[in-house]
There are 2 protein chains.
Amino acid sequence: MAMVNGAALIGVDWGSTSLRAWLIAADGTVLAERTAEQGASTLSGHAAFTAAFDEVTGAWHAAHPRLPVIACGMVGSTHGWRDVPYAPCPAGAAALAAGLQRPQDGPHIVPGVLFDGAGLPPDVMRGEETQIVGALHLHETLRAASCIVLPGTHSKWTQVRDEQIVRFATHMTGELYAVLRQHSVLGRLMPKDAGPDPDAFVQGVDAARDHGDLGLPHQLFAARSLGVTHKLPHAALADYLSGLLIGHELHAGLQWRAAAGLNAKPLALVGATKLCARYQLALQRFGIPTDLVLDNTAPAGLLALARQAGLLQKEDHD
Amino acid sequence: MAMVNGAALIGVDWGSTSLRAWLIAADGTVLAERTAEQGASTLSGHAAFTAAFDEVTGAWHAAHPRLPVIACGMVGSTHGWRDVPYAPCPAGAAALAAGLQRPQDGPHIVPGVLFDGAGLPPDVMRGEETQIVGALHLHETLRAASCIVLPGTHSKWTQVRDEQIVRFATHMTGELYAVLRQHSVLGRLMPKDAGPDPDAFVQGVDAARDHGDLGLPHQLFAARSLGVTHKLPHAALADYLSGLLIGHELHAGLQWRAAAGLNAKPLALVGATKLCARYQLALQRFGIPTDLVLDNTAPAGLLALARQAGLLQKEDHD
């Protein structure tokens with residue numbers, strides 16, 4: 001390695017509302033991190049993306065002029081820097097690397113993944129495919145067959161087979177929580193400064209588990225009626241709602257996992273530590289153990305894709 | 001009848017965001033109507049309610065000084081004019097009339113109804129109980145046993161037995177539609193001026209009917225992915241979302257109706273004509289005929305409750 005400080009790659013996870021950039025060594029070590037609020041949905045046009053890109057990564061470019069740059073996420077969407085076509089399922093690192101596209105003076109952008117089959121509406125992801133590539137790179141046990149769940153604004157349940165994403169389903173759980181809390185009648189009873197209430201969270205999860213057939217549009221109303229009738233303190237209602245929504249995601253997701261034949265395969269949670277802990281607790285309520293919990297695997301995924309695409313400087317394999 | 005013009009009652013359906021007031025004859029004829037935007041959630045304190053009440057009904061009071069006034073809806077909630085305690089299920093006209101409360105110089109306010117049983121979170125209604133009393137008054141076929149569905153922001157599925165509300169379930173369908181359309185990523189693809197698209201509505205209903213087990217948090221995402229992948233025109237996505245949400249309400253509500261033993265009993269829709277038409281169409285997709293569709297039954301319900309409570313002037317029964 002001739003690189004100063006061992007830096008081999010600049011990687012960017014460029015989502016809708018924010019971005020995270022890393023200076024990554026050839027062995028996957030993150031040498032430096034920067035975050036910024038210039039998410040893809042806040043920018044419009046080549047010049048705006050170029051400016052944001054330079055602002056976040058300019059200092060690293062100056063110190064390491066020849067470093068390749070790779071980015072994943074909504075930066076590759078219709079309203080991003082460059083509309084990079086989705087890779088269809090089954091999609092693994094080779095297909096994703098082959099689909100990279102690069103706007104002038106910009107990063108190589110990872111394509112999202114499209115699942116279109118089973119007579120159902122299509123489903124799409126942008127960014128999570130890179131996290132999955134990273135998880136598979138880091139954990140051999142996930143490669144042959146596994147269920148990888150990425151909790152978030154738009155949670156993804158993914159079936160992996162032979163290191164490929166073969167099928168996945170999005171659940172808008174995090175966004176439902178946010179819009180209901182901020183904009184619906186449910187939020188009105190919830191104090192802004194309420195602390196966490198694990199009991200109420202579990203109560204919501206259990207309601208979805210045991211009575212999910214009553215329907216989410218109905219069960220949601222309990223996050224109001226339990227408060228109105230003083231059966232739950234108002235400070236507990238937000239966590240009850242969170243449990244109810246995550247419980248409904250699990251109620252459906254676990255049926256999906258069973259239908260995909262994954263019940264005996266490893267189950268991994270990939271995402272922010274606190275959110276994964278909520279999902280792990282909720283899964284326990286369904287009697288399902290979590291095999292792996294992984295924080296941010298995007299740097300590992302970006303490095304694996306850059307290497308697959310031959311973007312890294314000639315590496316010393318001695 | 002000594003009343004000028006035959007007016008016997010002023011009735012008000014005073015909801016969260018608006019109110020409707022009627023001058024009602026003893027035979028139920030609506031002689032005049034006024035609407036206003038001073039919903040209960042927009043007002044605070046006795047003086048504000050008094051002022052709004054006078055503004056809307058003052059001219060009628062001046063012309064008919066001795067007319068009684070009765071109101072239903074959120075005006076009787078914790079944040080309304082007077083917090084009128086809920087009547088517990090089973091609740092019929094007698095219990096509701098017995099629970100009327102009157103703030104000084106204000107209307108007699110109908111209590112809401114509470115369902116608290118079956119080991120589930122409690123459920124509440126305010127306003128719909130009066131619509132139901134009106135429907136039962138107008139239609140003898142509904143009195144012995146029926147399922148009355150009131151579509152709306154917070155739809156109510158109600159089991160009636162022996163002229164009593166014995167059980168009900170709220171579905172936040174209308175509010176989910178509104179917040180998702182206005183505040184979520186789903187609304188971003190939907191043009192504001194899109195016309196109705198019955199085919200897309202039916203497609204959404206059918207998706208809930210046939211694949212509801214995939215879960216609402218998942219299926220909602222199709223209202224984006226179908227647009228992103230150009231499988232549905234963007235102008236069709238709002239009606240697809242509407243169909244999906246109403247379909248999920250029906251998917252759960254029809255199971256609830258079956259569990260209550262109501263499959264062979266009359267099914268009535270009570271509410272705004274256009275919205276009831278959507279529900280009727282959606283019910284057809286589930287193979288369920290609608291026996292009755294009733295527009296605004298609040299005046300009939302208010303009159304029946306006022307009469308039950310002995311509020312009407314001495315009536316001429318010759």
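Some ground rules. This is a predicted model, in which local features need pLDDT of at least 70, side-chain atom pairs count only at pLDDT 80 or more, and totals for chains, interfaces and linings use all residues. Residues are numbered from 1 along each chain as its sequence is written, chains are lettered from A and ligands numbered from 1 in the order in which they are written, and side-chain values use heavy atoms, with hydrogens and water left out.

I start with the interface. Chain A puts 45 residues into the contact, and chain B puts in 45 residues; contact here means heavy atoms within 4.5 Å. The two chains bury about 3,800 Å² between them, 72% of it on carbon and sulfur atoms. Buried area is the accessible area, taken with a 1.4 Å probe, that two parts lose on being put together, summed over both. On the chain A side, A:M172, A:P217 and A:F221 lose the most area to chain B, together 17% of what that side buries.

How many salt bridges cross the interface of chain A and chain B? The rule finds 2. A salt bridge is a side-chain nitrogen of Lys or Arg within 4 Å of a carboxyl oxygen of Asp or Glu. A:D116 pairs in this way with B:K231, with 2.6 Å between the closest N and O atoms.

Now to salt bridges in general. Over all chains, the structure holds 14. In one of them, the side chains of A:R278 and A:D239 meet at 2.6 Å, N to O. This pair links distant parts of the chain, 39 residues apart: A:R278 is in helix 10 (residues 273–285) of chain A and A:D239 in helix 9 of chain A. Helices are DSSP runs of H or I, at least four residues, and strands are runs of E, at least two, numbered from the N terminus.

Is A:D239 buried or exposed? A:D239 is buried, at a relative accessible area of 10%, while A:R278 is partly exposed at 25%. Buried means under 20% relative accessible area, exposed over 50%, and partly exposed in between, with a 1.4 Å probe and protein chains only.

In chain B, B:R209 has a salt bridge to B:D206, with the closest N and O atoms 3.6 Å apart. Both lie in helix 6 (residues 198–211) of chain B, 3 residues apart, about one turn of the helix. B:R209 also meets B:D210, at 2.9 Å, N to O. B:D206 counts as buried at 13%, and B:D210 is partly exposed at 46%.

Lastly, in chain A, salt bridges link A:D206, A:R209, A:D210 and A:R285 in a network.
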